[in-house]
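Please look over the structure below. A short report on its fold, contacts and cores follows.

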Amino acid sequence: MKYYECNLHTLPDGSDSPSRMALAAKKLGYSGIIISNHSPAGVAFRLDAAELVRGIEVAIGAEIVATDQRGLHARAASLRDRADFLAVHGGDERINRAACEDPNVDMLAHPHGGRTGIGVAAAKAAKDNQVAICLDLGPMISLRGGSRVRWMEMVRRDLDLIDKFDLSLMISTSPRSHLDLRSPRDLVALASLLGVERERALKALALPGSIVELNRRRWASVGVEVL
Amino acid sequence: MRTWLPVLRDRRRYFAIEVEAEDRVRRTDLASEIRASQTSLFGDLGAARNRLRIISFDGRFGILRHSHERTEECRALLATVHSVGGVRAAIRVRGISGTIKAATEKYIPQSTLQPDENVRRVDSGLVSGSVVRVHGREIDLCPDDQKMTEGSGTRYVGLTSFDLCGEDTDADGTSDGL
């Protein structure tokens with residue numbers, strides 16, 4: 001299967017250039033990376049250099065940071081045609097829900113940043129609109145002690161919800177430097193501690209690649225492809 | 001009298017690891033960091049079951065021993081290490097094996113050349129490796145694939161700058177004409 005790291009931040013959001021990230025990810029065994037910076041698609045340092053790295057697919061996505069629902073829907077509609085992959089920076093309960101209600105959105109990134117997780121209403125909406133939920137393992141790596149315990153409790157609850165509604169899952173560490181990257185096997189091992197079985201974790205790592213492939217096709221209208 | 005029964009022997013696995021860090025990493029710092037993240041993730045009980053030890057560590061590559069039943073858990077706890085001795089770092093598991101010998105031979109680079117930051121890389125279709133020595137137009141290359149020099153008894157591949165000209169479009173291999 002082709003594994004993708006689906007929520008990378010490069011310069012100026014992160015501290016590494018896209019080509020450095022691509023090289024590091026290739027070394028760790030990924031088939032592709034999706035660069036989703038907070039700034040609009042296309043604004044990243046030396047994207048052209050990343051395309052010269054052979055043996056790894058570099059997709060340009062975007063991550064929407066919105067403060068209200070209207071802003072989110074407007075940004076999603078305007079970015080949809082330009083980005084191969086559209087993520088929303090979650091965390092806030094209202095933003096999580098608004099992201100799940102928008103069919104333009106591919107993935108809800110780090111929904112566990114705030115106090116609550118996704119919640120039942122948002123999970124239902126995510127099912128209808130085919131929005132994937134990203135299990136962001138960054139906090140598991142960087143946090144220790146009580147804050148990590150609280151994070152794990154929240155994730156455990158949301159994984160039950162994801163199971164219940166059969167939502168699509170993606171796994172990432174939201175890396176901002178090559179030192180934040182972890183290999184697919186490391187992610188599988190970390191996810192298994194949270195109760196995600198191996199098969200499911202591998203599927204979650206391969207899902208972003210197939211979504212990018214779908215998004216890159218040129219659709220004339222729903223179900224009609226321009227060849 | 002035997003000291004221990006062979007059937008009750010502990011079974012072990014060995015990780016070959018590489019530590020990627022922004023600065024030099026000392027063995028004691030690495031050991032305390034691994035111990036801290038292990039206790040934080042699994043507690044004393046899990047730590048006793050993992051039986052994780054550092055067998056050797058040279059500042060970059062190392063061998064860790066652990067219980068053969070707890071491979072996934074140990075892999076996860078190594079993944080949670082994000083800094084060593086106050087320096088940002090990451091532990092990469094290069095491979096896993098049942099004996100120290102096999103782990104060393106298969107996954108730890110045997111070349112005398114330490115893959116250092118000052119070494120130039122060459123990546124063109126057939127040949128890839130690190131430049132060891134440049135003398136005029138002659139270039140000695142330590143290949144990534146050790147099999148390349150098999151049969152010749154040499155450690156390095158001999159190239160000239162003519163071989164590498166016109167490869168300057170590749171971001172992977174900074175082969176800028178030399």
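Where is the place of B:Arg51 in chain B? B:Arg51 sits in the loop between α1 (27-50) and β2 (53-57) of chain B. Helices are DSSP runs of H or I with at least four residues, strands are runs of E with at least two, and both are numbered from the N terminus.

This is a predicted model, in which local features need pLDDT of at least 70, side-chain atom pairs count only at pLDDT 80 or more, and totals for chains, interfaces and linings use all residues. Residues are numbered from 1 along each chain as its sequence is written, and chains are lettered from A and ligands numbered from 1 in the order in which they are written.

**Positive phi**

B:Arg51 is not a glycine, yet its phi is positive. A:His110 is another such residue, and is not a glycine either. A:His110 lies in the loop between β5 and α5 of chain A. A residue is buried if 20 or more other C-beta atoms lie within 10 Å of its own, exposed if 12 or fewer, and partly exposed in between; C-beta atoms are placed from the backbone.

| Residue | Phi | C-beta neighbours | Class |
|---|---|---|---|
| A:His110 | about 25 degrees | 21 inside 10 Å | buried |

**Chain B**

Chain B has four helices and nine strands. Their order along the sequence is β-α-β-β-α-β-β-α-β-β-β-β-α. Of its 178 residues, 26% count as buried. The domain assignment, which is automatic or from a database, gives domain 1 (10-107) and domain 2 (121-164). The C-alpha centres of these two domains of chain B lie 32 Å apart.

One open sheet has four strands in the order β6-β7-β8-β9 of chain B, with antiparallel pairing. Strands pair if DSSP finds at least two bridges between them. The edges are β6 (121-123) and β9 (157-160) of chain B, each pairing on one side only. On average, neighbouring strands of this sheet are turned by 40 degrees against each other, direction ignored. Axes here are lines fitted to C-alpha atoms, and angles run from 0 to 180 degrees between N-to-C directions. Strands β7 (residues 128-135) and β8 (residues 138-143) of chain B run antiparallel and are joined by six bridges. B:His135 stands opposite B:Glu138 in β8(B).

**Between the chains**

In chain B, 16 residues are in contact with 19 residues of chain A. Contact means C-beta atoms, placed from the backbone, within 7 Å. On the chain B side, the elements that give two or more residues are α2 (71-79) and β5 (87-97). By class, this side has five nonpolar, four polar and seven charged residues. Asp, Glu, Lys and Arg count as charged; Ala, Val, Leu, Ile, Met, Phe, Trp, Tyr, Cys and Pro as nonpolar; the others, Gly among them, as polar.

**Cores**

A nonpolar core is a set of buried Ala, Val, Leu, Ile, Met, Phe, Trp, Tyr and Cys residues joined through C-beta atoms within 7 Å. The largest has 94 residues; A:Ile33, A:Met107, A:Leu108, A:Met170 and A:Ile171 touch the most other members. Its largest share, six residues, comes from helix α9 (residues 198-216) of chain A. Another core, apart from it, has eight residues, including B:Val131 and B:Tyr156.

Helix α4 (residues 93-100) of chain A is mostly covered, with six of its eight residues buried. Among them are A:Ile95 and A:Cys100. The cover includes α3 (69-79) and β4 (85-89) of chain A.

Definitions and conventions:
Contact = placed C-beta atoms within 7 Å.
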